[in-house]
Amino acid sequence: MTLPIDPTAIKPEDIGEERVVLNMGHEEAIEHVREAFTDAGFGIATEFSPSEMLNEKIDAGRDPYYVLGACNPAMADRALDATDNKMGGLFPCNVVVWEEEPGKQVVYHLSIMRVARLIGIAPDDDEMADIIADTGELVEKALANLDAVEA
């Protein structure tokens, strides 16, 4: 299969990729990220631990890995309208916390709004640009709430 875009040409800023390191335990980091995103205006719609599931089901031996599905209802509503409901296929906006080593957690996020525009789910117009800018501000606020050192 030939991809319609060259993945190696995509820069982290094209997809709103963000990475922050927290120097704390895994459970503490999950709670800290949950609070930071909630304080920035997101609700946490879903939460799960792929590592626990994979370790239980197939004895994967994975280090702690946790996904928080963050959602800002006003932004979600605008994005659904702007994409003729297609954006829902990428909901919620996931924030991932994985243990790089004991006492060192990586928080990872990418902009589903930017990804949707890049792959053609969302239009490349002023309305979507505004949604991307607005959600980007919320994410930046949440990441700033973490009071962490960027990776």
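Trainee: At what angle do the axes of H1 and H5 cross?

Mentor: Keep in mind that this is a predicted model. The axes of H1 and H5 come within 8 Å of each other. Their crossing angle is roughly 140°.

Trainee: Are H1 and H5 parallel, antiparallel, perpendicular or oblique to each other?

Mentor: An angle has to be over 145 degrees to count as roughly antiparallel. The axes cross at roughly 140°. H1 and H5 are therefore oblique.

Trainee: Is the crossing of H1 and H5 left-handed or right-handed, and which residues of H5 make the contact?

Mentor: H1 passes H5 in a right-handed crossing. On the H1 side, the contact is made by His-32, Ala-36, Phe-37 and Asp-39. By class, the contact has four nonpolar, two polar and two charged residues. The residues from H5 are Lys-141, Ala-142, Leu-143 and Asn-145.

Trainee: Which element gives the largest share of the largest nonpolar core?

Mentor: This core has 22 residues, and Leu-22, Val-33, Phe-37, Phe-42, Val-97, Val-107 and Leu-146 touch the most other members. The elements that give two or more residues are strands S1 (18-22), S3 (65-71) and S4 (93-101), together with helices H1 (26-39) and H5 (126-145). The largest share is five residues, and it comes from H1.

Trainee: Which residues does Phe-37 touch, leaving out those up to four places away in sequence?

Mentor: Phe-37 is one of the H1 residues in the contact with H5. With sequence neighbours up to four places away not counted, Phe-37 touches Phe-42, Ile-44, Ala-70, Val-95, Ala-142 and Leu-143.

Note on methods
Residues are numbered from 1 along each chain as its sequence is written. This is a predicted model: local features need pLDDT of at least 70, side-chain atom pairs count only at pLDDT 80 or more; totals for chains, interfaces and linings use all residues. Side-chain values use heavy atoms; hydrogens and water are left out. A nonpolar core is a set of buried Ala, Val, Leu, Ile, Met, Phe, Trp, Tyr and Cys residues joined through side-chain atoms within 4.5 Å. Buried means under 20% relative accessible area, exposed over 50%, partly exposed in between (1.4 Å probe, protein chains only). Helices (H or I, at least four residues) and strands (E, at least two) are DSSP runs, numbered from the N terminus. Contact means heavy atoms within 4.5 Å. Axes are lines fitted to C-alpha atoms, for helices over the stretch in contact, and angles run from 0 to 180 degrees between N-to-C directions. Angles under 35 degrees count as roughly parallel, over 145 as roughly antiparallel, 65 to 115 as roughly perpendicular and the rest as oblique. A crossing is left-handed if the near helix is turned anticlockwise from the far one by less than a right angle, and right-handed if clockwise. Ala, Val, Leu, Ile, Met, Phe, Trp, Tyr, Cys and Pro count as nonpolar, Asp, Glu, Lys and Arg as charged, and the others, Gly among them, as polar.
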